[in-house]
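I opened the file to see how the chain is put together. My notes follow.

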Amino acid sequence: MVKLLFFAGIKERIGVEELYLETSNQTIAQLKNYLQVSYPNLQLDGVLVAINEEFALDDDMVQDNDTIAFIPPVSGG
Amino acid sequence: MRENRYSRQTLFSPIGDSGQSLLGKKHVLIIGAGALGSSTAEMLVRSGIGRITIIDRDYVERSNLQRQQLYTERDAKNRIPKAIAAEKRLREINGDCEITGIVGEATVELLEDIIEEIDLIIDASDNMEIRMIINDLSIKHGVPWIYGACVGSSGMTFTILPEITPCLHCLLQVMPMNGMSCDTAGIISPAVQLVVAHQVTEALKILIQDKNSLRGTFYSFDLWNNTSQNIKVSRAKRTDCRTCGKERSYPFLQKENQTKTAILCGRDTVQIRPSFKKELNFTYLAESLVKRGYKVTQNPFLLNVQLKDNRFVLFKDGRALVHQTKDVVHAKNLYDQLMG
């Protein structure tokens, strides 16, 4: 079981700020794909992904009890 | 002898008298005088910074007053450019600080002209394009900069130290297509203030040369949902980054990559920039527009023209803001139509 955290625009599009997912041996790329398919109007361009508060690359593996944050670059100010 | 106005700051041991003295010699460039810019400028000026240069291309409007702390109802009523209103207010706050407000677009030319005198750049802008320009300039000239942004109840900030941290280009390999903006998702003042609190604290640490105390992480928060993330990003630094890697081309400083139009954050507004800077004669222009049947009002800084469906605001340097539209082509047509 992993916990997904969503910020800003991603939170708005998905509708919740966190989700729990049963998953094993998935990469970040696969997780992103799953989200894109589940929420077609999601904008994942340039999203920053962190696993347990560490910057994650697309090839990184997700493990049980991980917290994965999806942070879209915000441009307002 | 007058009490030292910074006594409560010098009592804070990491700063002390020596830190205060250093602050008084430093020059910070703030890009944007909106929500983030007003607050960072006020905080730094109150803290005794030596010099501030603040740039903004826009003027004060009523909907700014909810969160842009330097401005008043009078500024909005008179459509005072933000950089001018900010300069005036900041001077009233601290007459010892040297304050320069620039009304205009933060272009590559303008920024490269002044960057040699700058110790730190604070991002208070409202679009990704300018941030990528700031990022390229920061790395090229070795000047640190502090990214900051907010929307809704969320915000984020990251301090970029050339040659040490990843740069924004490393973090943002793909330019985002459509961000949320303040006119779709709104923005609450506390979100602004939390970003500013982080930006100014990091700024103080850099300016008094206490780099060991820097946060080091990419900080993101949501005040309404009570969450935050402090993300370690050293892994993000890329040797193939075109801005800070082995082979640097500074892509965002190249002329071909700079657009001449922009849709303003939080507004139904398109900005148009002429390809070369102008110095318009407002009196002559106002007369000719009135002769052509347009309704024109003006102040020393801008010309306001009411068209059938749009309001058109013209600055002395030839830049125009076309309101009530996000359609760039339509806005350009109106510009050409009016300017002849």
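**Sheet and neighbours**

I began with an open sheet of six strands in chain B, which run in the order 9-10-14-13-12-11 with antiparallel pairing. Strands pair if DSSP finds at least two bridges between them. Strands here are DSSP E runs of at least two residues, helices H or I runs of at least four, both numbered from the N terminus. I looked up the edges: strand 9 (261-263) and strand 11 (295-298) of chain B each pair on one side only. The twist averages 20° from one strand to the next.

This is a predicted model: local features need pLDDT of at least 70 and side-chain atom pairs 80 or more, while totals for chains, interfaces and linings use all residues. Residues are numbered from 1 along each chain as its sequence is written, and chains are lettered from A and ligands numbered from 1 in written order.

Next I checked strand 11 of chain B: four bridges join it to strand 12 (residues 302-306), antiparallel. Lys295(B) stands opposite Gln306(B) in strand 12. Helix 11 (residues 282-291) of chain B packs on the sheet and touches strand 11 and strand 12.

**One residue**

I then picked Phe221(B), in strand 7 (residues 218-222) of chain B. Is Phe221(B) buried or exposed? Phe221(B) is buried, with 22 other C-beta atoms within 10 Å; the cut-offs are 20 or more for buried, 12 or fewer for exposed, partly exposed in between, with C-beta atoms placed from the backbone.

**Whole chain**

I noted twelve helices and 14 strands in chain B. Of its 340 residues, 45% count as buried.

Key. Axes are lines fitted to C-alpha atoms, for helices over the stretch in contact, and angles run from 0 to 180 degrees between N-to-C directions. Two residues are in contact if their C-beta atoms, placed from the backbone, lie within 7 Å.
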